[in-house]
Amino acid sequence: MAKSKRAVTEYRSYYLPTHFPVLLLSGDYWKISDIPSGSLHFHNCLEIGICHSDSGTLEINGEKQTFHAGDVTVLPRNVPHTTYSAPGTKSHWSYLFLDPKELFRNLLPASWNNYDLSTDGFPAFRYIFSKEAFPHINYLVSHIIHELEEQNPCYQISARSLLCSLYIELYRIESLGGANPATAKPGSPEILALQGRKKEGEIVENSLVISPALDYIEENYMQQFTIEYLAELCHWSPTHFRRVFHDIMGTSPLDYVNNTRILKSCILLRSTEHSILDISEMVGFHSVSSFNRYFIKLMQMSPREYRKQMQQSEKKAENQSILEFAGWMRPE
């Protein structure tokens with residue numbers, strides 16, 4: 001008997017600027033083929049998409065859901081998925097990628113949990129929001145995309161506020177088991193039916209097998225831990241864990257941990273006055289020499305050069321925003 005073909009899962013990492021960790025992908029280029037790719041992919045950040053035309057299928061962990069024009073999709077980081085259009089069509093999309101924890105750092109309470117809308121934190125996660133059932137979600141996403149495309153004065157402030165409103169609405173909906181807060185209340189038949197789709201503690205078949213390790217790294221990158229411990233979280237031997245991790249991520253577990261630490265250090269270099277030595281220790285490196293070596297390898301410049309370049313860039317952007325705002329406010 002021939003062996004079944006193992007599903008291929010691809011990791012896609014998006015760079016999000018520290019001062020405004022949002023990426024917009026839009027335009028005529030973003031049209032989805034009607035041919036299934038045969039593989040799944042997942043991201044390092046939250047993805048929000050809006051379908052402008054046609055219909056098709058969103059496949060998540062082996063489950064297929066149908067999308068239509070006007071629908072909004074919400075996919076947390078580390079959730080394997082793929083999208084393809086109905087036969088004979090090419091659905092048109094726009095995508096937002098964001099880091100909610102950094103984006104809303106000063107807008108939401110420090111005690112707020114589940115910034116990434118992790119599927120583990122909600123009993124019945126809703127991935128697709130139809131325009132008919134959730135018109136306000138469609139409106140907010142459309143308005144955010146318009147702000148980011150037009151880039152009128154103070155557009156980032158406006159987009160950040162709209163994104164916060166969108167995030168809070170999504171959080172409310174997921175907290176109610178995927179129901180619309182305007183039409184359903186906790187304990188109602190609608191809520192109970194939605195929550196029944198996934199029992200507490202149930203493991204979804206074909207879920208991303210290294211998710212426990214990825215989640216642990218994201219939350220504990222500044223701590224010291226072994227690859228053996230990460231393998232144990234996934235209930236595998238270290239050898240098997242290393243092999244599967246590399247197949248999915250395209251890099252070793254150790255390199256992924258160090259890359260995560262370097263990306264976190266970039267935030268500190270841009271947003272704090274801590275010394276480079278302090279930052280190297282804060283993100284989990286044993287020595288500043290190791291930190292410098294990995295930083296140069298990943299960022300193609302030293303931490304000191306990066307900090308100087310980012311300070312100059314942000315100062316230039318700040319001055320430009322002031323000039324734009326002054327011009328916008330000046331009476332004719």
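# Close-up views of the predicted model

**View 1. Helix H2 meets helix H3 through His136, Ile137, Leu140, Val141, His143, Ile144, Glu147 and Leu148 in H2 and Tyr155, Ser158, Ala159, Leu162, Leu163, Ser165, Leu166, Glu169, Leu170 and Ile173 in H3.** Contact means heavy atoms within 4.5 Å. By class, twelve residues of this contact are nonpolar, four are polar and two are charged (nonpolar: Ala, Val, Leu, Ile, Met, Phe, Trp, Tyr, Cys and Pro; charged: Asp, Glu, Lys and Arg; polar: the others, Gly among them). The model is a predicted one, in which local features need pLDDT of at least 70 and side-chain atom pairs count only at pLDDT 80 or more, whereas totals for chains, interfaces and linings use all residues. Residues are numbered from 1 along each chain as its sequence is written, and side-chain values use heavy atoms, without hydrogens and water.

**View 2. The axes of H2 (residues 135–150) and H3 (residues 155–175) lie 9 Å apart and form an angle of about 160 degrees.** Axes are lines fitted to C-alpha atoms, for helices over the stretch in contact, with angles from 0 to 180 degrees between N-to-C directions. The two helices, H2 and H3, are therefore roughly antiparallel (an angle over 145 degrees). Their crossing is left-handed (the near helix is turned anticlockwise from the far one by less than a right angle; clockwise is right-handed).

**View 3. The loop between H2 and H3 contains glutamine 151 and cysteine 154.** Glutamine 151, a residue other than glycine, has a positive phi near 50 degrees. In cysteine 154, also not a glycine, phi is positive and near 65 degrees. Glutamine 151 has a relative accessibility of 46% and counts as partly exposed; cysteine 154, at 31%, also counts as partly exposed. Under 20% relative accessible area is buried, over 50% exposed, and in between partly exposed (1.4 Å probe, protein chains only).

**View 4. Helices H5 (residues 211–220) and H8 (residues 253–271) cross at roughly 35 degrees, with axes that come within 10 Å.** This crossing of H5 and H8 is right-handed. From H5, Leu214, Ile217 and Glu218 meet Tyr256, Val257, Thr260 and Lys264 of H8. Four of the residues in this contact are nonpolar, one is polar and two are charged.

**View 5. Serine 85 belongs to strand S9, which spans residues 81–85.** Serine 85 is buried, at 3% relative accessible area. A polar atom of the serine 85 side chain lies 2.7 Å from the backbone oxygen of isoleucine 32. Beyond the neighbours within four places in sequence, the contacts of serine 85 are Ile32, Ser33, Asp34, Ser55, Gly56, Lys90 and Ser91.

**View 6. Phenylalanine 295 is part of helix H10, residues 288–299.** With a relative accessible area of 0%, phenylalanine 295 is buried. Its contacts, apart from neighbours within four places in sequence, include Ile262, Ser265, Cys266 and Leu269, together with Gln300, Met301, Ser302, Pro303 and Tyr306. Phenylalanine 295 and tyrosine 306 are eleven residues apart along the chain, and 9.5 Å separates their C-alpha atoms.

**View 7. The protein chain as a whole has eleven helices and eleven strands.** Helices (H or I, at least four residues) and strands (E, at least two) are DSSP runs, numbered from the N terminus. Of the 332 residues in the chain, 44% are buried. Among the contacts with a separation of 6 or more, 72% join residues 24 or more positions apart.

Terms used
Angles under 35 degrees count as roughly parallel, over 145 as roughly antiparallel, 65 to 115 as roughly perpendicular and the rest as oblique. A polar contact is a pair of N or O atoms within 3.5 Å; within protein, one must be able to donate a hydrogen and the other to accept it, and residues adjacent in sequence count only if both atoms are side-chain atoms.
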